[in-house]
Amino acid sequence: MLAYAADLGLFVWLRGPVGLDPLTAKALSFVAGCSVAYAGNALGTYRHTTTRGPRQYVIFFAVNIAGALVQLLCIALSHYGLGFTSQRADTVSGAGIGMALATVLRFWGTRTLVFRGVRGVRGGRGEGRVGSWTG
């Protein structure tokens, strides 16, 4: 949720007051959101992973690039293909529809490609559940 807020907030700010075009604004907000999401996954949900480091971040970043491309495609299709050029339309297509589709892709990729050596996560090493943030 924090990563989504960072992504959306930065996108709206870059698209609005800063005046960047929608694709550049989305690309920049993606990098911020991706970094926040990795920290949340590595320190929270998948904190029991057996491996950590730059390799996992690179794979995580690649999975998120694929998700970002889905979002950018939604914005490009809406803005340039369908002619919905308002800031609101860009936000709905990128942060609404695009984010929903990208979230499915990111969830699958994070779970199966990045943190696959996690003990206690279905589909990882073991069949239990990950505990709460408080242990």
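This is a predicted model: local features need pLDDT of at least 70, side-chain atom pairs count only at pLDDT 80 or more; totals for chains, interfaces and linings use all residues.
Residues are numbered from 1 along each chain as its sequence is written, and side-chain values use heavy atoms, with hydrogens and water left out.

### The chain as a whole

Of the 135 residues of the chain, 36% count as buried, where buried means under 20% relative accessible area, exposed means over 50%, and partly exposed lies in between (1.4 Å probe, protein chains only). The chain exposes about 7600 Å², of which carbon and sulfur atoms supply 69%; these accessible areas come from the Shrake-Rupley method with a 1.4 Å probe, and for residues only the protein chains shown count as cover. Taking contact to mean heavy atoms within 4.5 Å, one finds that 63% of the contacts between residues at least 6 apart in sequence join residues at least 24 apart.

A search of the whole structure finds zero disulfides, a disulfide being a pair of cysteine sulfur atoms within 2.5 Å. Cys34 counts as buried because its relative accessibility is 2%, and Cys74 counts as buried because its value is 16%.

### Helix α3

Helix α3 has 28 residues and reaches 38 Å from its first C-alpha to its last, which is close to the 40 Å expected at 1.5 Å a residue; the expected span of a helix is 1.5 Å times one less than its number of residues. Its buried residues are Gln56, Ile59, Phe60, Val63, Asn64, Gly67, Ala68, Gln71, Cys74, Ile75, Ser78 and His79, and what covers them includes α1, α2 and α4. After α3 comes Gly83, whose phi is positive, near 80°.

Gln56 lies in α3 and counts as buried because its relative accessibility is 7%. Gln71 also lies in α3, and it counts as buried because its relative accessibility is 0%. Leaving aside neighbours within four places in sequence, Gln71 is in contact with Asp7, Lys26, Gly94, Gly98, Met99, Ala102 and Arg106.

### Helix α4

Where does helix α4 bend? The bend is at Met99 and amounts to about 45°, the bend at a residue being the angle between axes fitted to the seven residues ending there and the seven starting there. A straight helix of 28 residues would span 40 Å at 1.5 Å a residue, whereas α4 (residues 87-114) spans only 34 Å between its end C-alpha atoms.

Within α4, the residues Ala89, Asp90, Ser93, Gly94, Ala95, Gly98, Met99, Ala102, Arg106, Gly109, Thr110 and Val114 are buried, and the buried residues of this helix pack against α1 (2-15), α2 (22-45) and α3 (54-81).

Asp90, which is found in α4, counts as buried because its relative accessibility is 0%. The side chain of Asp90 makes a polar contact with the side chain of Arg15 at 2.8 Å; a polar contact is a pair of N or O atoms within 3.5 Å, and within protein one must be able to donate a hydrogen and the other to accept it, while residues adjacent in sequence count only if both atoms are side-chain atoms. Apart from neighbours within four places in sequence, Asp90 is in contact with Phe11, Arg15, Pro22, Ile75, His79, Phe84, Thr85 and Ala95.

Leu101 has its place in α4 and, not counting residues up to four places away in sequence, touches Val70 and Cys74. Leu105 is likewise in α4, and it counts as partly exposed because its relative accessibility is 30%. With residues up to four places away in sequence set aside, Leu105 touches Val63, Ala66, Gly67 and Val70.

### C-alpha separations

| Pair | Apart along the chain | C-alpha separation |
|---|---|---|
| Leu101 and Gln71 | 30 residues | 7.7 Å |
| Leu105 and Val70 | 35 residues | 9.0 Å |
| Gln56 and Tyr38 | 18 residues | 9.1 Å |

Conventions. Helices (H or I, at least four residues) and strands (E, at least two) are DSSP runs, numbered from the N terminus.
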